[in-house]
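Biologist: I am new to this structure. Could you show it to me and then take my questions?

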Amino acid sequence: MKKNADDIVQWLQNYVREAGVNGLMVGVSGGLDSAVVAYLIQRAFPSHSLGVLLPLNSNPEDMAHGKKVIESSGIQELTIDLTETHDTMYSTISGQLKQNSAFEQENDQLAGANLRARLRMSTLYTIAAHYNYLVVGTDNAAEWYIGYFTKYGDGGVDILPLVEFTKQEVREMGDYLGVPDEILAKKPSAGLWEGQTDEAEIGTSYDKIDAYLNGEEIPDKDKEIIERAHRRTEHKRQPAKQFHRKDH
Ligand SMILES: Nc1ncnc2c1ncn2[C@@H]1O[C@H](COP(=O)(O)OP(=O)(O)OC[C@H]2O[C@@H]([n+]3cccc(C(=O)O)c3)[C@H](O)[C@@H]2O)[C@@H](O)[C@H]1O
Ligand SMILES: Nc1ncnc2c1ncn2[C@@H]1O[C@H](COP(=O)(O)OP(=O)(O)OP(=O)(O)O)[C@@H](O)[C@H]1O
Ligand SMILES: [Mg+2]
(Lines give C-alpha, C1' and ligand atoms only; values in the text may rest on other atoms or scores of the structure.)
(Ligands and ions follow the chains in the order given, each with its own letter.)
Protein backbone atom coordinates (compact mmCIF):
# COMPACT_ATOMS: atom_id res chain seq x y z
CA MET A 1 0.00 0.00 0.00
CA LYS A 2 2.97 2.38 0.37
CA LYS A 3 3.29 2.67 -3.41
CA ASN A 4 -0.46 3.23 -3.86
CA ALA A 5 -0.55 5.87 -1.10
CA ASP A 6 2.51 7.64 -2.58
CA ASP A 7 0.92 7.57 -6.04
CA ILE A 8 -2.34 9.06 -4.73
CA VAL A 9 -0.47 11.81 -2.84
CA GLN A 10 1.41 12.73 -5.99
CA TRP A 11 -1.78 12.65 -8.04
CA LEU A 12 -3.46 14.97 -5.52
CA GLN A 13 -0.53 17.41 -5.63
CA ASN A 14 -0.48 17.43 -9.44
CA TYR A 15 -4.22 17.91 -9.74
CA VAL A 16 -4.31 20.80 -7.27
CA ARG A 17 -1.55 22.51 -9.24
CA GLU A 18 -3.39 21.88 -12.52
CA ALA A 19 -6.68 23.20 -11.08
CA GLY A 20 -4.95 26.31 -9.68
CA VAL A 21 -6.52 25.95 -6.22
CA ASN A 22 -4.97 26.29 -2.75
CA GLY A 23 -5.62 22.87 -1.21
CA LEU A 24 -8.05 20.07 -0.41
CA MET A 25 -10.88 19.33 2.01
CA VAL A 26 -13.04 16.38 3.06
CA GLY A 27 -16.09 15.75 5.25
CA VAL A 28 -14.89 13.62 8.18
CA SER A 29 -17.60 11.23 9.40
CA GLY A 30 -15.70 9.04 11.84
CA GLY A 31 -15.85 6.19 9.31
CA LEU A 32 -12.98 4.51 7.52
CA ASP A 33 -13.18 5.99 4.01
CA SER A 34 -13.09 9.63 5.08
CA ALA A 35 -10.33 8.82 7.60
CA VAL A 36 -8.14 7.45 4.82
CA VAL A 37 -8.86 10.47 2.61
CA ALA A 38 -8.05 12.83 5.52
CA TYR A 39 -4.66 11.18 6.04
CA LEU A 40 -3.90 11.26 2.30
CA ILE A 41 -4.78 14.91 1.78
CA GLN A 42 -2.84 15.88 4.89
CA ARG A 43 0.22 14.10 3.44
CA ALA A 44 -0.27 15.88 0.14
CA PHE A 45 -0.81 19.35 1.66
CA PRO A 46 0.35 19.45 5.31
CA SER A 47 -0.68 23.09 5.74
CA HIS A 48 -3.49 23.33 3.17
CA SER A 49 -5.85 20.45 4.00
CA LEU A 50 -9.11 20.70 5.90
CA GLY A 51 -11.33 18.11 7.59
CA VAL A 52 -14.92 19.17 8.21
CA LEU A 53 -17.05 17.53 10.92
CA LEU A 54 -20.72 17.88 10.03
CA PRO A 55 -22.81 16.43 12.85
CA LEU A 56 -26.47 16.04 11.92
CA ASN A 57 -28.37 13.99 14.48
CA SER A 58 -25.14 11.98 14.40
CA ASN A 59 -24.14 9.15 16.66
CA PRO A 60 -21.80 10.74 19.30
CA GLU A 61 -19.36 7.84 18.91
CA ASP A 62 -18.96 8.65 15.20
CA MET A 63 -18.22 12.28 15.96
CA ALA A 64 -15.69 11.23 18.64
CA HIS A 65 -14.03 9.02 16.01
CA GLY A 66 -14.11 11.96 13.59
CA LYS A 67 -12.30 14.16 16.13
CA LYS A 68 -9.76 11.41 16.65
CA VAL A 69 -9.09 11.30 12.90
CA ILE A 70 -8.55 15.07 12.86
CA GLU A 71 -6.14 14.92 15.81
CA SER A 72 -4.18 11.88 14.69
CA SER A 73 -3.84 12.96 11.05
CA GLY A 74 -2.92 16.55 11.92
CA ILE A 75 -5.37 17.97 9.37
CA GLN A 76 -6.96 21.39 10.07
CA GLU A 77 -10.48 21.19 11.57
CA LEU A 78 -13.81 22.91 11.13
CA THR A 79 -17.09 21.78 12.75
CA ILE A 80 -20.53 22.84 11.56
CA ASP A 81 -23.65 21.38 13.18
CA LEU A 82 -26.44 21.05 10.61
CA THR A 83 -29.05 19.36 12.83
CA GLU A 84 -31.34 22.37 13.19
CA THR A 85 -30.92 23.38 9.56
CA HIS A 86 -31.95 19.91 8.42
CA ASP A 87 -34.91 19.67 10.77
CA THR A 88 -36.25 23.09 9.75
CA MET A 89 -35.81 22.39 6.06
CA TYR A 90 -37.24 18.87 6.10
CA SER A 91 -40.27 19.81 8.19
CA THR A 92 -40.99 22.81 5.92
CA ILE A 93 -40.84 20.60 2.83
CA SER A 94 -42.83 17.70 4.29
CA GLY A 95 -45.45 20.08 5.74
CA GLN A 96 -46.08 21.53 2.29
CA LEU A 97 -46.16 18.06 0.69
CA LYS A 98 -48.71 16.94 3.28
CA GLN A 99 -50.93 19.91 2.42
CA ASN A 100 -50.77 18.87 -1.24
CA SER A 101 -51.41 15.21 -0.33
CA ALA A 102 -48.06 14.33 -1.95
CA PHE A 103 -46.27 13.09 1.17
CA GLU A 104 -45.41 9.35 0.97
CA GLN A 105 -44.69 7.89 4.40
CA GLU A 106 -42.72 4.98 2.93
CA ASN A 107 -40.28 7.41 1.25
CA ASP A 108 -39.89 9.58 4.33
CA GLN A 109 -36.80 7.99 5.89
CA LEU A 110 -34.69 7.86 2.72
CA ALA A 111 -35.77 11.33 1.52
CA GLY A 112 -34.75 12.84 4.88
CA ALA A 113 -31.51 10.89 4.85
CA ASN A 114 -30.58 12.00 1.34
CA LEU A 115 -31.30 15.61 2.35
CA ARG A 116 -28.67 15.15 5.09
CA ALA A 117 -26.10 14.09 2.52
CA ARG A 118 -27.02 17.01 0.25
CA LEU A 119 -26.85 19.56 3.06
CA ARG A 120 -23.35 18.28 3.82
CA MET A 121 -22.43 18.71 0.15
CA SER A 122 -23.77 22.31 0.08
CA THR A 123 -21.87 23.11 3.25
CA LEU A 124 -18.60 21.67 1.92
CA TYR A 125 -18.89 23.68 -1.32
CA THR A 126 -19.65 26.90 0.57
CA ILE A 127 -16.49 26.37 2.61
CA ALA A 128 -14.53 25.38 -0.51
CA ALA A 129 -15.40 28.71 -2.12
CA HIS A 130 -13.86 30.61 0.80
CA TYR A 131 -10.66 28.56 1.04
CA ASN A 132 -10.35 27.98 -2.74
CA TYR A 133 -10.04 24.26 -2.02
CA LEU A 134 -11.37 21.22 -3.90
CA VAL A 135 -13.89 18.86 -2.27
CA VAL A 136 -12.47 15.35 -2.11
CA GLY A 137 -14.88 12.39 -2.31
CA THR A 138 -14.46 9.17 -0.37
CA ASP A 139 -16.19 6.56 -2.54
CA ASN A 140 -14.38 3.25 -2.83
CA ALA A 141 -14.70 0.82 -5.75
CA ALA A 142 -17.49 -1.19 -4.13
CA GLU A 143 -19.71 1.82 -3.31
CA TRP A 144 -19.09 3.32 -6.72
CA TYR A 145 -19.93 0.11 -8.60
CA ILE A 146 -23.25 -0.44 -6.83
CA GLY A 147 -24.10 3.30 -6.66
CA TYR A 148 -24.25 3.30 -2.87
CA PHE A 149 -24.12 7.06 -2.41
CA THR A 150 -26.55 9.98 -2.63
CA LYS A 151 -26.61 11.57 -6.08
CA TYR A 152 -25.32 15.16 -5.65
CA GLY A 153 -24.94 14.44 -1.92
CA ASP A 154 -21.82 12.56 -0.82
CA GLY A 155 -21.56 11.79 -4.56
CA GLY A 156 -21.26 15.52 -5.30
CA VAL A 157 -17.48 16.00 -5.19
CA ASP A 158 -14.56 17.14 -7.33
CA ILE A 159 -12.15 14.22 -7.19
CA LEU A 160 -12.24 10.55 -6.14
CA PRO A 161 -8.85 9.19 -5.05
CA LEU A 162 -10.14 5.85 -3.69
CA VAL A 163 -12.56 4.89 -6.44
CA GLU A 164 -10.36 2.07 -7.78
CA PHE A 165 -9.68 0.53 -4.36
CA THR A 166 -11.89 -2.17 -2.86
CA LYS A 167 -13.15 -1.74 0.71
CA GLN A 168 -10.51 -4.21 1.92
CA GLU A 169 -7.77 -2.28 0.12
CA VAL A 170 -9.01 0.97 1.69
CA ARG A 171 -8.74 -0.76 5.08
CA GLU A 172 -5.19 -1.90 4.27
CA MET A 173 -4.27 1.60 3.16
CA GLY A 174 -5.73 2.99 6.40
CA ASP A 175 -3.64 0.52 8.37
CA TYR A 176 -0.52 1.59 6.49
CA LEU A 177 -1.29 5.31 7.02
CA GLY A 178 -1.83 4.89 10.78
CA VAL A 179 -5.63 5.25 11.01
CA PRO A 180 -6.62 4.28 14.60
CA ASP A 181 -7.55 0.59 15.07
CA GLU A 182 -11.08 1.25 16.32
CA ILE A 183 -11.87 3.01 13.03
CA LEU A 184 -10.24 0.25 10.95
CA ALA A 185 -12.43 -2.29 12.78
CA LYS A 186 -15.72 -0.37 12.51
CA LYS A 187 -18.78 -1.64 10.62
CA PRO A 188 -19.28 0.63 7.58
CA SER A 189 -22.32 2.88 8.04
CA ALA A 190 -23.74 5.81 6.10
CA GLY A 191 -25.00 7.07 9.49
CA LEU A 192 -28.14 8.34 7.76
CA TRP A 193 -30.47 6.91 10.40
CA GLU A 194 -30.00 5.28 13.75
CA GLY A 195 -28.53 1.80 13.63
CA GLN A 196 -27.97 1.90 9.85
CA THR A 197 -25.24 -0.40 8.53
CA ASP A 198 -24.30 -0.45 4.87
CA GLU A 199 -24.35 -4.23 4.62
CA ALA A 200 -27.86 -4.59 6.08
CA GLU A 201 -29.20 -1.98 3.66
CA ILE A 202 -27.37 -3.26 0.59
CA GLY A 203 -28.29 -6.90 1.24
CA THR A 204 -24.80 -8.29 0.66
CA SER A 205 -21.35 -7.74 2.18
CA TYR A 206 -18.37 -5.63 1.12
CA ASP A 207 -16.31 -8.84 1.11
CA LYS A 208 -18.63 -10.26 -1.55
CA ILE A 209 -18.67 -7.05 -3.59
CA ASP A 210 -14.85 -6.89 -3.39
CA ALA A 211 -14.62 -10.54 -4.48
CA TYR A 212 -17.00 -9.88 -7.39
CA LEU A 213 -14.89 -6.88 -8.47
CA ASN A 214 -11.76 -9.04 -8.25
CA GLY A 215 -13.36 -11.51 -10.69
CA GLU A 216 -13.90 -14.23 -8.08
CA GLU A 217 -16.97 -16.49 -7.95
CA ILE A 218 -19.65 -15.47 -5.45
CA PRO A 219 -23.13 -16.95 -4.78
CA ASP A 220 -25.77 -16.18 -7.44
CA LYS A 221 -28.00 -14.34 -4.97
CA ASP A 222 -25.22 -11.85 -4.10
CA LYS A 223 -24.25 -11.49 -7.75
CA GLU A 224 -27.86 -10.60 -8.61
CA ILE A 225 -28.00 -7.93 -5.89
CA ILE A 226 -24.73 -6.38 -7.10
CA GLU A 227 -25.59 -6.44 -10.81
CA ARG A 228 -29.08 -5.08 -10.25
CA ALA A 229 -27.77 -2.23 -8.07
CA HIS A 230 -25.13 -1.44 -10.70
CA ARG A 231 -27.73 -1.29 -13.50
CA ARG A 232 -30.19 0.82 -11.52
CA THR A 233 -27.59 3.41 -10.53
CA GLU A 234 -25.87 3.93 -13.89
CA HIS A 235 -27.42 7.43 -14.02
CA LYS A 236 -25.44 8.40 -10.89
CA ARG A 237 -22.11 7.68 -12.56
CA GLN A 238 -22.94 9.73 -15.67
CA PRO A 239 -23.52 13.44 -16.32
CA ALA A 240 -27.22 14.42 -16.48
CA LYS A 241 -29.01 12.76 -19.40
CA GLN A 242 -29.11 15.18 -22.29
CA PHE A 243 -31.66 15.63 -25.03
CA HIS A 244 -30.04 15.75 -28.47
CA ARG A 245 -31.78 17.88 -31.09
CA LYS A 246 -32.84 16.07 -34.23
CA ASP A 247 -32.11 19.13 -36.44
CA HIS A 248 -28.40 19.38 -35.49
N1 LIG B 1 -32.84 6.35 -14.59
C2 LIG B 1 -32.62 7.53 -14.01
N3 LIG B 1 -32.07 8.53 -14.72
C4 LIG B 1 -31.81 9.72 -14.13
N5 LIG B 1 -32.05 9.99 -12.82
C6 LIG B 1 -32.61 9.02 -12.08
C7 LIG B 1 -32.93 7.76 -12.63
N8 LIG B 1 -33.48 6.99 -11.65
C9 LIG B 1 -33.51 7.74 -10.53
N10 LIG B 1 -33.01 8.98 -10.79
C11 LIG B 1 -32.87 10.11 -9.83
O12 LIG B 1 -32.05 9.64 -8.76
C13 LIG B 1 -32.71 9.83 -7.52
C14 LIG B 1 -32.36 8.65 -6.61
O15 LIG B 1 -30.99 8.65 -6.27
P16 LIG B 1 -30.53 9.15 -4.83
O17 LIG B 1 -31.14 10.45 -4.54
O18 LIG B 1 -29.04 9.02 -4.75
O19 LIG B 1 -31.26 8.11 -3.84
P20 LIG B 1 -31.18 6.55 -3.61
O21 LIG B 1 -30.24 5.86 -4.55
O22 LIG B 1 -32.56 6.04 -3.53
O23 LIG B 1 -30.60 6.53 -2.14
C24 LIG B 1 -29.24 6.72 -1.85
C25 LIG B 1 -28.63 5.42 -1.34
O26 LIG B 1 -27.27 5.64 -1.03
C27 LIG B 1 -27.05 5.34 0.33
N28 LIG B 1 -26.05 6.27 0.86
C29 LIG B 1 -26.31 7.61 0.80
C30 LIG B 1 -25.39 8.49 1.34
C31 LIG B 1 -24.23 8.01 1.91
C32 LIG B 1 -24.00 6.63 1.90
C33 LIG B 1 -22.75 6.12 2.53
O34 LIG B 1 -22.34 5.00 2.24
O35 LIG B 1 -22.23 6.88 3.35
C36 LIG B 1 -24.93 5.78 1.37
C37 LIG B 1 -28.38 5.50 1.02
O38 LIG B 1 -28.41 4.81 2.25
C39 LIG B 1 -29.30 4.95 -0.05
O40 LIG B 1 -29.33 3.55 -0.05
C41 LIG B 1 -34.20 9.91 -7.86
O42 LIG B 1 -34.89 10.68 -6.92
C43 LIG B 1 -34.18 10.56 -9.21
O44 LIG B 1 -34.14 11.96 -9.06
N1 LIG C 1 -21.12 13.52 10.03
C2 LIG C 1 -20.40 13.73 8.94
N3 LIG C 1 -19.51 14.76 8.92
C4 LIG C 1 -18.77 15.00 7.85
N5 LIG C 1 -18.81 14.27 6.73
C6 LIG C 1 -19.68 13.24 6.67
C7 LIG C 1 -20.50 12.91 7.77
N8 LIG C 1 -21.25 11.83 7.42
C9 LIG C 1 -20.89 11.50 6.17
N10 LIG C 1 -19.93 12.34 5.70
C11 LIG C 1 -19.27 12.30 4.40
O12 LIG C 1 -19.97 11.36 3.54
C13 LIG C 1 -19.04 10.34 3.12
C14 LIG C 1 -19.75 9.06 2.81
O15 LIG C 1 -19.97 8.31 3.96
P16 LIG C 1 -19.49 6.78 4.05
O17 LIG C 1 -20.20 6.20 5.21
O18 LIG C 1 -19.59 6.12 2.73
O19 LIG C 1 -17.92 6.88 4.37
P20 LIG C 1 -17.17 6.78 5.77
O21 LIG C 1 -18.13 7.07 6.88
O22 LIG C 1 -15.99 7.66 5.65
O23 LIG C 1 -16.71 5.28 5.82
P24 LIG C 1 -17.60 3.96 6.13
O25 LIG C 1 -18.20 3.61 4.77
O26 LIG C 1 -16.57 2.97 6.55
O27 LIG C 1 -18.63 4.28 7.14
C28 LIG C 1 -18.01 10.30 4.25
O29 LIG C 1 -16.83 9.67 3.84
C30 LIG C 1 -17.84 11.78 4.56
O31 LIG C 1 -16.98 12.41 3.64
MG1 LIG D 1 -19.78 6.03 7.25
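Biologist: In which element is aspartate 33 found?

Modeller: This is a predicted model, where local features need pLDDT of at least 70, side-chain atom pairs count only at pLDDT 80 or more, and totals for chains, interfaces and linings use all residues. Residues are numbered from 1 along each chain as its sequence is written, while chains are lettered from A and ligands numbered from 1 in the order in which they are written. Helices (H or I, at least four residues) and strands (E, at least two) are DSSP runs, numbered from the N terminus. Aspartate 33 lies in helix H2.

Biologist: Is aspartate 33 buried or exposed?

Modeller: Buried takes 20 or more other C-beta atoms within 10 Å of a residue's own, exposed 12 or fewer, and partly exposed is in between; C-beta atoms are placed from the backbone. Aspartate 33 has 22 C-beta neighbours inside 10 Å, so it counts as buried.

Biologist: Leaving aside its neighbours within four places in sequence, which residues is aspartate 33 in contact with?

Modeller: Contact means that two C-beta atoms, placed from the backbone, lie within 7 Å. Beyond the neighbours within four places in sequence, aspartate 33 touches Thr138, Asn140, Leu162 and Val170.

Biologist: Where does UniProt place the feature "binding site"?

Modeller: UniProt positions are given in the numbering used here, feature names are shortened, and annotations may be inferred rather than shown by experiment. The entry is unreviewed, and it puts the feature at Asp33 and Glu143.

Biologist: Why do they gather at one spot?

Modeller: They span 111 residues in sequence. Yet no two of their C-alpha atoms are more than 10.7 Å apart, so they gather at one spot.

Biologist: Is glutamate 143 buried or exposed?

Modeller: Glutamate 143 is found in helix H6, residues 141–146. Leaving aside its neighbours within four places in sequence, it is in contact with Tyr148 and Phe149. With 25 other C-beta atoms within 10 Å, glutamate 143 is buried.

Biologist: Which element gives the most to the shell around ligand 2?

Modeller: A residue is near a molecule if its C-beta atom, placed from the backbone, lies within 6 Å of it. Of the 21 residues around ligand 2, Gly27, Ser29, Gly31, Ser34 and Thr138 come nearest. Strand S1 (23–27), helix H2 (32–44) and strand S2 (49–53) each supply at least two residues of this shell. The most, three residues, come from H2.

Biologist: Which element gives the most to the shell around ligand 1?

Modeller: Of the 16 residues around ligand 1, Ala117, Thr150, Lys151, Ala190 and His235 come nearest. Helix H5 (105–131) and helix H9 (198–202) are the elements that give two or more residues to this shell. The most, three residues, come from H5.
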